[in-house]
Amino acid sequence: MDHSSALARLDRRVSECRACPRLVEWREEVARTKRAAFADWTYWGRPVPGFGPADARLAIIGLAPAAHGGNRTGRMFTGDRSGDVLYQALYDVGLASQPTAVSADDGLELYGVRVTAPVHCAPPANKPTPGERDTCRTWLVQELNLLRPTLRAAVVLGAFGWQAALPAFDEAGWPVPRPRPAFGHGTRVALDGLDLFGCFHVSQRNTFTGRLTPAMLREVLRAAADTAGLP
């Protein structure tokens, strides 16, 4: 099976999804009205697929695209403050080709890492509903299935992502312990051939207040990369 082609096909299908009416309406309204600072941009305004190679050994799972970040640029964690923090840290630990992510054609490459989310559309107030989360889970399950031959570790950002990711990993064939492990920064859970790491989300609320520092983020990413066998 050509996993690269299969993943590219999945990404195209994700970008065409219209399953959640509230999210469709919101992402398209944001793309029409724009933010003044990005008035000259043509917003993506669609579901944002994952980003990174098909043979990734490490997955990073967030929450959902930002209205004026991924929803504008069409790439996960690209064009917003959260992405600035995440990609700088990935660069610092040797997993990204550059420390910035400003557009989908900026030349950024990830080394052995795939960045994705349990919800692929930008939600109002950055808060998908549980129903939207559950509807979107099928995409994450399919993505994990395609990554399964090489995937050895995953970093999940935030409690919402953790709650969404655990059943997705379970459905994709990695049995999750019962009761399900609680989220916490630095939590590490061994699944069947894969280690799951919890990390506070790279939101401005967390990074501006110091709840998540660059050093804390680098520590989790480095531990996960080592577990995944990445240099």
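Ground rule for element names: helices (H or I, at least four residues) and strands (E, at least two) are DSSP runs, numbered from the N terminus. The model is predicted, so local features need pLDDT of at least 70 and side-chain atom pairs count only at pLDDT 80 or more, while totals for chains, interfaces and linings use all residues. Residues are numbered from 1 along each chain as its sequence is written, and side-chain values use heavy atoms, with hydrogens and water left out.

**Entry: Val156**

I started with Val156, which is found in strand 3. Is Val156 buried or exposed? Its relative accessible area is 0%, so I put it down as buried; buried means under 20%, exposed over 50% and partly exposed in between, using a 1.4 Å probe and protein chains only. For contacts I take heavy atoms within 4.5 Å. Leaving aside neighbours within four places in sequence, Val156 is in contact with Ile61, Gly161, Trp162, Ala165, Phe183, Leu196, Phe197, Gly198 and Cys199. I also checked Val156 against Pro231: 75 residues apart along the chain, with 20 Å between their C-alpha atoms.

**Entry: Trp174**

Next I looked up Trp174, in the loop between helix 6 and strand 4. Trp174 is buried, at a relative accessible area of 1%. Not counting residues up to four places away in sequence, Trp174 touches Leu144, Arg148, Leu151, Phe169, Leu191, Asp192 and Leu194.

**Entry: helix 2**

For the 13 residues of helix 2 that gives 18 Å, and the end C-alpha atoms are 18 Å apart, which agrees. Its buried residues are Leu23, Val24, Arg27, Val30 and Ala31. Looking down the axis of helix 2, I find them within an arc of 140°, so they line one face of the helix; the arc is that of the directions from the helix axis to the C-beta atoms. An α-helix has 3.6 residues a turn, so residues three or four places apart point the same way. The buried residues of helix 2 pack against helix 3 (70-73) and helix 5 (130-147). On the face turned away from the buried side I noted the exposed residues Pro21, Glu25, Arg32 and Thr33. Lys34 follows helix 2 with a positive phi, near 60°.

**Entry: helix 8**

I repeated the check on helix 8 (residues 214-228): its 15 residues should span 21 Å, and the end C-alpha atoms are 21 Å apart, which agrees. Buried here are Leu217, Val220, Leu221, Ala224, Ala225 and Ala228. Seen down the axis of helix 8, these fall within an arc of 130°, so they line one face. They pack against strand 1 (58-61), helix 4, strand 3 (153-157) and strand 5 (195-199). Just after helix 8, Gly229 takes a positive phi of about 80°.

My grid is 1 Å over the protein atoms alone; a cavity is a set of points where a 1.4 Å probe fits but cannot get out, a pocket is an open set with protein on both sides within 12 Å along at least five of seven lines, and lining residues have an atom within 4 Å of a point. Grid points are joined across faces, edges and corners, and a volume is the space filled by probe spheres set on the points.

The largest pocket holds about 860 Å³. It is lined by 36 residues, and Ala66, Ser82, Asn126, His201 and Ser203 lie nearest its centre. Helix 2, helix 4 (81-92), helix 6 (159-171) and helix 7 (204-209) are the elements giving two or more residues to that lining.

How many cavities of 30 Å³ or more turn up in the whole structure? I get 1. The largest cavity has a volume of about 90 Å³. Of its 13 lining residues, Cys17, Cys20, Leu23, Cys121 and Cys136 lie nearest the centre. Helix 2 and helix 5 each supply at least two residues of this lining.

Most residues other than glycine have a negative phi, and most peptide bonds are trans. I flagged Phe77, with a positive phi of about 55°, in the loop between helix 3 and helix 4. Phe77 is also buried, at a relative accessible area of 9%. Asn126 has a positive phi too, near 60°, and is found in the loop between strand 2 (113-116) and helix 5. The Arg178 to Pro179 peptide bond is cis, with omega near -5°. Pro179 is found in the loop between helix 6 and strand 4 (188-190).

How values were computed: The expected span of a helix is 1.5 Å times one less than its number of residues.
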